[in-house]
Amino acid sequence: MSQQASITEINELLQDTNPFDKGLVVKDQNIWGTSFPDIPELNKHVSDAIYASMNKLQESPSSLDKVSSMVIRAQRGAGKTHLISRVRKQIKTEGNAVLIYAGADKYSELELIASSFRESVADSLEREGLQGLTQWQEIAAQLVITALKKNKNNAKVPSAQALAQKFDQAYSKSHKNGRDLVTELAKVVRHLHPDSDLYIIRAIIWTLSEERGALAVKWLAGEELNAEDALDLRLSANDGQDADVREAKALNFIAKVLSLIGEYRTVLICFDELDTVKENSLGYTVFQVVIDLVKRLFDSIVQSDSSQGVLIATFLLPKEWQFLIQDGPDSSTSPKSRISTQSERLDLRPLNSETMVQLVSLWMRDFYKRRKIVFENYLYPFTADELSSYGKQGYTVREALQWCAQQLPLKLKNIDPPPESLTDKERFEVAYKKALARDLDEDDVDSNTFISSVLRFSFERIIILLKKGKLKNELIENVRLESVENVVPRSKNNGYINFKVCGQEDNVPVVIGVEVLQQKNGLSVGAGFRRLLDYETFDMTRGCLVRSLERKIKRNWDSHEYYQQLIQKGGEWVHLKKEELKPLIALKNVYDNHEKYNISINKLDLFAFTRDSLVKYPLIKEILSRPEGRVVEEALEGKAVERLHSEQEIQSIAENLNETLESLDSEEDTDKEADFAELEVA
Amino acid sequence: MATKISPLYAETRILLSLFAIDEDKVSPSNFVPKGTKYKQALVDLVEYGCLSETLKGKRYKKYSLLPQGKHQLLKNLSNDELSFFSVLGPKTTNGLLKVFRELDHNNPGSIQNGHRHAISSYQDFSSFVIGFCQKINIEDNLDGLIPIYRVRREVGESVDREKFDNWLFELQADNRLQMMGDDLSDTPQDQKDDSVQIPGGNLRFYIKLL
């Protein structure tokens, strides 16, 4: 329901919520999400250059011109994410390419860079593509449809969506008849692409399965599968235990995957965030390690004459590029020649008068839209003149947003001063009620960082109150809180566990790792669980997962198993309820803006209301309370993966797995038609 | 010995002596050594716009050092071909001392050649900056990103700092060039000082021509 807002309401709203505070730091989710605002004019020259390069790859008749790389130079905050997000949307609409995003800031172990990149590939392709399918499924559907057509000239091929929907059914039907649909499909695909890897074909086809798709993606990411699961899918073991072996094979694996995908879709790979400060054991920086990876990747990708091509776009700081070109002569083996096969260098441009105005207008429009408020003046409280003259200086997107975030409160300051006549308590109540009335937007509920910051605030406040002696009952759920700590080693945690709450429970030290995990894709959820289960590395006595109940865990995910392990290890899943979170957010909001409301922190601490909301708060209590030790079935959905094969069958698959491959390699190209009726349109 | 007196040498001695005196309208007998080469150098310097010539009465001319003359002096002194070959008097050595002190005072760590361009309008500025960027981009293989400090130092004192900044912003607003920042954590302070600070924002280190 939309409502026309008055200027007074808008002033109040803007005073409480600065729209520009958000977006100063952009994250991965902004690339994959659809809501990130875009200024089409800004850096159009770069997105156009990317599209042009991709077209060129598609149209080129020779396999020699099917792999291309470009460098895009950009200073920090120049709008890289805007750009990548735009390209991603375009790719999604056109449906003839896939995007792989590799943000090097996520690569915690530089010794295993290729394995990390393999995870990025699997994770990126697990993101949504066309029509609600993942990018993996899109490719799989292409493979299957081509196989159906190849197998029978007049095959009635279904749509990609229909294929995904009927896949499991079709598979089990064939299975009951003693056949293996995936093997038969893979055989046909293999005849079409004789150089491709049969396991990779199988795994990609499996991503179509509702039931087993998550396992296949996990295998593609290079994670170790349970041996029976792997054999059920007739996939080889992943060398999961031995990181070095896995690392040595990772790049070759990726190259094979890219060769196969390249037959159907142009692959755009973006390398980003190379300026992350980290070093490997030999003292090489992230930048050096990633550049080396890009070079090796470029050298290992092979495309056919008919492929759609692979484009690698590497985002660099100017000085990083300078470093590369100064690094010895421009020989054909230098990293430089691999990282940029194109002679022209692209640079992101700063804002100008027009794009500055557009930025603010877009930002505010988005802000009102989320809140379902109708207010036509999208520039308010700024004016077009002011913004365009400011924009002339050529600010980056981030600088401009920072400036807006600073200026907005100054502009509103004189408009509506808080009433002086009220007492502290009354002012607090007004402020709190206002904050409470605000609707939470979806981005907030999606944001692990935001939610964990609210929880952390609450725990830290309680500890301060305890230290000040303000709490009558020092025990909450039998725990006496002592401190909130950061999670180390950071390189192992990778940002998953948000913080640790330490205290005493019946005179026994308790350390609770709190992890907000709102992700919806199986790979990330699994990765989050693995951290939370690792009590030893992170020095915890209990793991606490905070996640909305409606973000169910699929029974065919590895996380289903992990969830049970968490319960067994004395951990728990605390269900995050939007409504329960609101009072804490409101309280934090009043603390954060205490100057605006003219109430000191000390005063805020004194209110009984503050103490009660913190101490009696269900979410806080639940995190601290001793877990009930049971798996909540309502939090799960879907069917658990059932064994396809009996133990005996598994045994024989294990024995014959390699043999089957060999026989396939020597098999003559028979014209015998396979029966794929169960997949075709009836 | 007269053969050793190159125009460079002659001009430099004239400029140094006049610079040491630090007065306007100086009679040539006070700063021009004897000899035809020096006479010629004096005429040339006037022509280059390094010195201004004023008539005193009907026959006597007096000279003042112009900003361009000072630029020329600095440029000559940094020229490798210049060397002294005999003992010279206090005018020359004091001139050198003065140069040294001024440089040290104004511009620690950045004794540069250059400072020789007469730029009086935005037009001059834009054609100079664009030409210079094109030139050093190729010569020094800069791959399109020209450090602003190099441009500022080349332009030298003929354009004051504020004007330099403003004109660059104007060129940017006119879509002739864009300025870019970088990670400057390892960049020497004097290079940062000679870059452009955007109001309330960060440093811009490069020019990219559009």
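**Domains, chains and one glutamine**

Let me start with chain A. Its domain assignment gives three parts: domain 1 covers 3-26 + 351-417, domain 2 covers 43-347, and domain 3 covers 426-637. Please keep in mind that this is a predicted model.

I will take domain 1 and domain 3 of chain A as a pair. Their C-alpha centres lie 32 Å apart. Eight residues from domain 1 of chain A and nine residues from domain 3 of chain A take part in the contact. Between them, domain 1 of chain A and domain 3 of chain A bury about 750 Å², and 31% of that is on carbon and sulfur atoms.

Which element supplies the largest share of the side of domain 1 of chain A that touches domain 3 of chain A? That is helix 1 of chain A, residues 7-16, with four residues. By class, the residues on this side of domain 1 of chain A are one nonpolar, two polar and five charged. How many salt bridges does the rule find across the interface of these two domains of chain A? The rule finds zero.

Now chain B. Chain B has 210 residues, and 46% of them count as buried. Its secondary structure comes to eight helices and seven strands. Along the principal axes, the C-alpha trace of chain B spans about 55 × 35 × 30 Å. Take the contacts in chain B between residues at least 6 apart in sequence: 66% of these join residues at least 24 apart.

Next, the place where the two chains meet. Here 25 residues of chain B are in contact with 21 residues of chain A. Chain B and chain A bury about 1,900 Å² between them, with 42% of it on carbon and sulfur atoms. Which three residues supply more than any other three of the area that chain B buries against chain A? They are Asp143(B), Met180(B) and Asp183(B), which supply 26% of that area.

Across the interface of chain B and chain A, the rule finds six salt bridges. One that you can look up joins the side chains of Arg76(A) and Asp183(B), at 3.9 Å from N to O. The rule also finds 16 residue pairs in polar contact across the interface of chain B and chain A, both residues at pLDDT 80 or more. On the side of chain B that touches chain A, helix 7 (161-173), strand 4 (177-180) and strand 7 (206-209) of chain B each supply at least two residues. By class, that side of chain B has 10 nonpolar, nine polar and six charged residues.

Last, one residue of chain A. Gln504(A) sits in strand 9 of chain A, residues 499-505. Is Gln504(A) buried or partly exposed? Gln504(A) counts as partly exposed because its relative accessible area is 23%, and buried means under 20%. Leaving aside neighbours within four places in sequence, Gln504(A) is in contact with Asn478(A), Val479(A), Arg480(A), Glu482(A), Pro509(A) and Val510(A). With one of these, Glu482(A), there is a polar contact between the side chains, at 3.5 Å. For a residue elsewhere in the chain, take Ile204(A): Gln504(A) and Ile204(A) are 300 residues apart in sequence and 49 Å apart in space, C-alpha to C-alpha.

Key. Residues numbered from 1 in each chain as written. Chains lettered and ligands numbered in written order. Predicted model: local features only at pLDDT ≥ 70, side-chain atom pairs only at ≥ 80, totals over all residues. Heavy atoms only, no water. Domains from an automatic or database assignment. Contact = heavy atoms within 4.5 Å. Buried area = accessible area lost by both parts, 1.4 Å probe. Salt bridge = Lys/Arg side-chain N within 4 Å of Asp/Glu carboxyl O. Nonpolar A, V, L, I, M, F, W, Y, C, P; charged D, E, K, R; others polar. Buried < 20%, exposed > 50% of the residue type's maximum accessible area, 1.4 Å probe, protein only. Polar contact = N/O pair within 3.5 Å; in protein donor to acceptor, adjacent residues only side chain to side chain.
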